[in-house]
Amino acid sequence: MSVTDAVNLATAERASGHGESSETCDVAVVGAGPYGLAAAARLRSLGGLSVCVFGEPMSFWMGMPRGMLLRSNWKACYIGLPAGELTLDAFEAASGAKFDSPVPLDTFIDYGLWFQRTAVPVVDTRRVARVEQAPGGFRLLITDGGIVKSSRVVVAAGIEAFPARPEMFTGFSPELVTHSSEHRDLSVLAGARVLVVGGGQSALESAALLHEARVDVEVVARTHQITWLHGGTVQRRLGRFKPLLYAQTDVGPAGLSRLVAVPAVFRRLPRPLQAKLAYRAIRPAGAKWLVDRLANVPISTGRSVVQADAANAGVRVTLDDGSQRQVDHVILGTGYRVDIASYDFLAPQLIGEIRRANGYPLLGRGLESSVRGLHFIGAPAAWSFGPIMRFVSGSWYASEQLAKHVAETAPAA
Ligand SMILES: Cc1cc2nc3c(=O)[nH]c(=O)nc-3n(C[C@H](O)[C@H](O)[C@H](O)COP(=O)(O)OP(=O)(O)OC[C@H]3O[C@@H](n4cnc5c(N)ncnc54)[C@H](O)[C@@H]3O)c2cc1C
């Protein structure tokens, strides 16, 4: 738990101990990223429900590197609905500006904020410090000490709590080693020697941005060769036949794209097959528009880091072929590992009651966990509903199923 979150929790607990008055709502949504906003919009459209949404809208995206482009294609960037009044096209028309594909990060953030203002005008920007069970549902402690009682809670808190750091890089100061998620402005490293570890989009795009900021950068990836995504070109060549092989969700290669876009079918496949197909759909890869931008960046493939030591005011990294790199800084583009126990706002007792597999909650209809009235959407839903839950384009399915279930089911007793 971060120092800020610990202070917030202490404040919230003190306030609750003093019996401060509480608000109530039917559904509390924790997180105002694409999934939380999509869910809140759908729940509000049911009518008659009070829906509270917590968190700074689109804040995770605001922390991503300046100059980043989204890997997903244009239509896969739609939040919540595959068509209609809240698409990226609708935002483009409403704003009067002309946007490009691939979608720039700032455009996507503006779109998310426009979606929020249009569909979910009231958001409580405070963070939730604690969610715990209470008679009739749940009690939420809010960072400034407020208390909210709610029949249902939808956890839409994303992946910010899950950065994966290989063991040999623990214990380093942030001056020497950071995760790719910690960088908004990579130009602060101009003039430094930087090693990027990883062979997926985050690692490769970070390396491109570093190179363009005049950083002396090298990439080390375990994979034997970098996979470049040429899906867009193939899709354009298919013309009107494209929908036969590719779903609008834009997750996975030809054919598999259509299967993973139907989570209700995907989740019924045998678990080992699901695992294999999910890996194939989201294996580490780089967008094809990175190829030219990385032409002058050395990329060592088929190599793993076996040791890292603080040395000469920097980091000495040893690879599995015995070679070493002496750098000023290491950036870990090593992805995210979902483990809901790392959501520090979930009370330990509540976490203990959630049936889990590999850190993911096991979810049923309406993306509800084994704790009645507690739902998870976004990446934590990927074990139960497949790989599209890791992408914005899955927010359509998650929000639709959640709203349907809430409409049909009585609140927690
Ligand atoms: C570098 C990078 C590039 C990516 N590119 C793409 C892409 O091109 N296409 C794509 O589909 N996906 C992409 N992703 C994946 C992307 O993270 C998810 O698709 C998307 O963020 C899922 O939305 P979400 O609402 O689940 O999570 P988020 O957008 O992370 O939203 C969750 C929100 O909850 C907030 N929150 C957490 N805890 C609390 C709390 N206790 N109280 C209140 N609020 C809280 C967080 O601050 C955050 O704002 C990328 C990810 C990274 C890291």
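Begin with the shell around the ligand: its residues divide into 16 nonpolar, 11 polar and three charged (Ala, Val, Leu, Ile, Met, Phe, Trp, Tyr, Cys and Pro count as nonpolar, Asp, Glu, Lys and Arg as charged, and the others, Gly among them, as polar). The model is predicted: local features require pLDDT of at least 70 and side-chain atom pairs pLDDT 80 or more, whereas totals for chains, interfaces and linings use all residues. Residue numbers start from 1 along each chain as its sequence is written.

Next, select the 30 residues that surround the ligand, of which the closest are G31, G33, G55, G158 and G378; a residue belongs here if its C-beta atom, placed from the backbone, lies within 6 Å of the molecule. Two or more residues of this shell come from each of helix 2 (34-46) and helix 3 (59-62), helices being DSSP runs of H or I with at least four residues and strands runs of E with at least two, numbered from the N terminus.

Now colour the chain by domain: domain 1 (3-162 + 337-408), domain 2 (167-226 + 285-332) and domain 3 (228-282), with bounds from an automatic or database domain assignment.

Finally, turn to the open sheet of three strands, ordered 12-13-14 with antiparallel pairing; strands pair if DSSP finds at least two bridges between them. Strand 12 (305-311) and strand 14 (324-327) each have a single partner strand, so one side of each is left without a neighbour in the sheet. Six bridges join strand 12 to strand 13 (residues 314-319), and the bridge partner of A308 in strand 13 is V317.
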